[in-house]
Amino acid sequence: MTKALDQRFSVSLQLWPGELGLVPEAGFGTTVNNRPDGEEAREPAGSELRADAQRPDIAFVDIPIVPGQMTDADARALNEVLAGERGRVLGLCRTGGRSTRRWQRSHELAAAGG
């Protein structure tokens, strides 16, 4: 399930290895993994997701954020991805909330010139 935040960026619940092949079919060219490894024992590691995303039609970016510890540098990292993105961008995290907060802060910083 994805939720569009604007024309270029959407968020999704955690995807699993084997599911990243659906990302380009849904119109996304870049996936941003916002989860740190080891956050939950059952969740896939970033390296597992990266291996699943080794396709010419999708870029995989791993820029994890520990819940409640997002910095402005984390938000700026998303702006860099959006500036160089290949198609629409999909942010992944456990519930979509962390990806949404990162997107919101990236827009605040861009509007303030930073």
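Two strands count as paired if DSSP finds at least two bridges between them. Strands (E, at least two residues) and helices (H or I, at least four) are DSSP runs, numbered from the N terminus.

This is a predicted model: local features need pLDDT of at least 70, side-chain atom pairs count only at pLDDT 80 or more, and totals for chains, interfaces and linings use all residues. Residues are numbered from 1 along each chain as its sequence is written, and side-chain values use heavy atoms, without hydrogens and water.

**View 1. An open sheet of 5 strands.** The order is β1-β2-β5-β3-β4, with mixed pairing. β1 (2–4) and β4 (59–62) are the edges; each has a single partner strand, so one side of each lacks a neighbour in the sheet. From one strand to the next, the twist averages 25°. Angles run from 0 to 180 degrees between N-to-C directions, with axes fitted to C-alpha atoms, for helices over the stretch in contact.

**View 2. β3 beside β5.** Residues 28–33 (β3) and 88–92 (β5) pair in the parallel sense over 5 bridges. Thr 31 has Leu 90 of β5 as its bridge partner.

**View 3. Two helices on the sheet.** Helix α3 (residues 72–83) touches β2 (9–12), β3, β4 and β5; contact means heavy atoms within 4.5 Å. The direction of α3 makes about 165° with that of β3. Helix α4 (residues 97–111) touches β2, β3 and β5, and its direction makes about 155° with that of β2.

**View 4. The buried residues of α4.** Among them are Trp 103, Ser 106 and Leu 109. Buried means under 20% relative accessible area (1.4 Å probe, protein chains only). The buried residues of α4 pack against β2, β3, α3 and β5. Gly 113 follows α4, with a positive phi near 85°.

How values were computed
Buried < 20%, exposed > 50% of the residue type's maximum accessible area, 1.4 Å probe, protein only.
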